[in-house]
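The following text walks through some features of the structure shown below. Keep the sequence at hand while reading.

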Amino acid sequence: MTSLLEVRNLKTYFHSDGSVVKAVDGVSFDVRAGETVAVVGESGSGKTVTALSVLRLIPDPPGEIISGEIRFAGRDLLSLSEAEVRKIRGNRIAMIFQEPMTSLNPSLTVGRQVGEPIEIHQRASRKNAWDKCIALLHKVRIPDPEQRANAYPYQFSGGMRQRAMIAMSLACEPELIIADEPTTALDVTVQAQVLHLLKELTRETGAALVIITHDLGVVARYADRVNVMYAGRIVETGQTSEIFNNPKHPYTVGLMNSLPRLDGDVRFALQPIEGHPPDLANLPSGCAFQPRCQYAVDRCLAKPPELSEVNPEHLAACWVDLNVTA
Amino acid sequence: MSQPEPVLVVEDLKVEFPVHGGLLGGRRIGTVKAVDGVSFEVNPGETLGVVGESGCGKTTMGLAILRMIDITSGRIVFDGEDISTLERAAMRPVRRKMQMVYQDPFGALDPRMRAKDIIGEPLVAHGISENREAYRERVSELLEMVGLDVVMGERYPHEFSGGQRQRIGIARALALRPTLVVCDEPVSALDVSIQAQIINLLEALQDELGLTYLFIAHDLSVVQHISDRVMVMYLGKVVEIANRSDLYRAPKHPYTQALLSAVPMPSPDAEAAREVVLLEGEVPSPLNPPTGCPFHPRCSMARPDCRETMPVLTEQNTGHKVACHLY
């Protein structure tokens with residue numbers, strides 16, 4: 001199967017006070033048509049910067065895409081002009097942000113905003129865009145869409161705002177939707193509603209979905225494949241069930257052992273990962289995880305490991321074979 | 001085994017906030033019942049987990065128990081003493097025994113104070129230490145107790161990571177040797193790998209010092225891990241309270257069931273085998289709560305009487321109480 005999105009060796013750095021923060025440092029991954037891919041990692045792992053790079057939304061300065069390729073449907077997005085990127089963004093690739101209150105314009109009605117991509121990309125009249133917007137709001141199950149379309153974002157609850165964001169992202173029937181922590185700000189029961197809706201609608205429209213999250217439960221429930229990020233790199237990638245049942249990178253293993261879980265045995269203490277994530281402006285030598293890794297050997301300090309095959313659908317970037325060591 | 005005296009008894013606690021409106025906001029237009037008739041006990045050395053979504057009143061309840069906000073009515077009995085109507089001065093010695101750990105380790109620490117002074121401040125405020133030497137020793141002991149090097153006491157809050165800041169917050173809370181610690185979302189601002197460090201620390205400190213915790217959080221997995229008993233709140237009311245295993249294995253209230261079902265488990269196999277119950281709608285505004293059972297508009301099991309009368313919290317089996325007309 002050919003990939004809809006191919007990211008190759010992406011490096012996005014930020015310049016601050018004479019130092020260079022390597023937010024994304026050589027990331028490669030694929031998204032195939034119609035699938036759901038998760039990017040999971042903790043704060044500062046580079047997952048949001050990866051998403052913003054794909055959409056060419058990195059503020060420059062201070063940010064800069066240093067190198068790499070981002071091929072979407074066969075075209076390298078990094079070589080396109082700003083005007084050409086604008087034709088793709090919000091049209092063929094849509095983004096859903098974490099905080100719907102700050103990503104919606106407070107002074108425009110929800111209806112105008114949801115209809116805006118249709119006006120811009122499909123040159124629809126305002127009337128046509130409005131009608132289509134009502135249909136979209138109906139689709140994301142906002143009650144009384146005709147009335148609610150006239151409301152302003154502050155009149156919506158958090159869950160409703162995120163539904164409106166989903167409606168907006170679907171407006172031009174994109175091939176790819178990138179959702180950056182779409183439900184982190186929402187309550188548990190509303191989070192489940194919104195993610196189910198997103199999954200259902202992407203399945204219906206055939207759009208591929210990239211979910212950026214820190215929640216391994218969300219990954220397990222919704223993603224077909226997963227990329228685990230640490231300090232600007234993908235350290236492990238593969239089918240979701242394979243990664244959860246057979247994790248190979250010590251960081252992935254550590255994350256899973258440190259999670260309290262509803263299906264877990266509560267009599268045992270959690271096994272945290274000791275220490276803290278590294279300073280991205282001052283990365284340790286070799287593998288970035290090495291200072292926190294209980295399996296680290298000399299080689300880990302000397303050279304950062306590249307992703308290598310565990311099996312054809314599972315890659316991990318680690319010098320140590322956990323099966324042998326453990 | 002005789003039942004020990006509870007550390008904390010809360011009886012029919014109500015906290016209401018006036019809502020002002022009108023042209024200059026001078027007119028009182030309503031009342032928010034943030035905590036609406038909550039009763040429970042906490043036994044010595046145990047952890048009572050409190051879960052619920054935003055607006056359920058869990059944080060307000062924690063603050064009210066510590067008398068950091070005014071209560072409207074009800075009784076709070078701490079260590080056998082009714083503290084619900086104590087004056088400020090009379091509360092001071094009580095406060096030494098009840099402390100709080102806050103959610104936001106960034107906002108809760110004074111950025112202009114060194115860690116050692118932040119931790120030692122309660123000792124100074126309460127005039128505890130006999131002399132400088134005793135003070136310094138106690139601060140060092142506290143730093144070590146929470147897993148920080150004594151030299152780190154010289155640093156300022158911005159020099160610490162989120163997890164380390166939470167350790168400072170915990171050390172400060174423990175400075176006065178409290179019996180009860182109210183933890184309000186102590187790990188929700190932290191990354192998963194750091195969260196586990198802090199949970200383990202809180203558990204180790206409880207064993208070592210015999211602490212009693214009121215552990216307020218929205219994360220059901222964290223609460224399950226740390227709690228002996230768990231209380232579920234919805235719109236200012238307790239809807240269910242039970243032992244950890246009863247609550248998680250055999251939840252009775254439809255809201256508890258839906259809440260547990262909504263949490264995705266970090267296991268694709270378990271998720272594939274699971275049937276997820278999705279709730280309709282969101283938590284209603286506490287300004288205008290539904291009549292009868294506050295959960296009835298979202299409840300798939302609701303009957304006509306749910307709309308009319310609020311079900312009373314009643315014991316189903318030992319220690320397992322639920323407020324629902326179905327039982």
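**A helix in chain A, then chain B**

Helix 1 (residues 47-54) of chain A has 7 of its 8 residues buried, so this helix is largely enclosed by the rest of the structure. Its buried residues are Lys47(A), Val49(A), Thr50(A), Ala51(A), Leu52(A), Ser53(A) and Val54(A). After helix 1 of chain A comes Arg56(A), with a positive phi near 55°. The model is a predicted one.

Chain B contains an open sheet of 8 strands with mixed pairing, in the order 6-7-8-3-9-10-12-11. Strand 6 (98-101) and strand 11 (314-317) of chain B are at the edges with a single partner strand each, so one side of each has no neighbour in the sheet. On average, neighbouring strands of this sheet are turned by 20° against each other, direction ignored. Strand 11 of chain B runs antiparallel to strand 12 (residues 320-322) of chain B, and 3 bridges join them. Glu315(B) has Lys321(B) in strand 12 of chain B as its bridge partner.

Two helices of chain B lie across strands. Helix 1 (residues 58-65) of chain B lies across strands including strand 8 (212-216) of chain B, to which it runs at about 150°. Helix 9 (residues 254-262) of chain B lies across strand 9 and strand 10 (237-243) of chain B, at about 105° to strand 9.

Helix 5 (residues 162-174) and helix 6 (residues 192-209) of chain B pack at an angle of about 20°, their axes 10 Å apart. Angles under 35 degrees count as roughly parallel, and the two helices of chain B are therefore roughly parallel to each other. The residues of their contact divide into 8 nonpolar, 3 polar and 1 charged.

How values were computed. Residues numbered from 1 in each chain as written. Chains lettered and ligands numbered in written order. Predicted model: local features only at pLDDT ≥ 70, side-chain atom pairs only at ≥ 80, totals over all residues. Heavy atoms only, no water. Axes fitted to C-alpha atoms, helices over the stretch in contact; angles between N-to-C directions. Helix = DSSP H or I, 4+ residues; strand = E, 2+ residues; numbered from the N terminus. Parallel < 35°, antiparallel > 145°, perpendicular 65-115°, else oblique. Nonpolar A, V, L, I, M, F, W, Y, C, P; charged D, E, K, R; others polar. Buried < 20%, exposed > 50% of the residue type's maximum accessible area, 1.4 Å probe, protein only. Pairing = 2+ DSSP bridges. Contact = heavy atoms within 4.5 Å.
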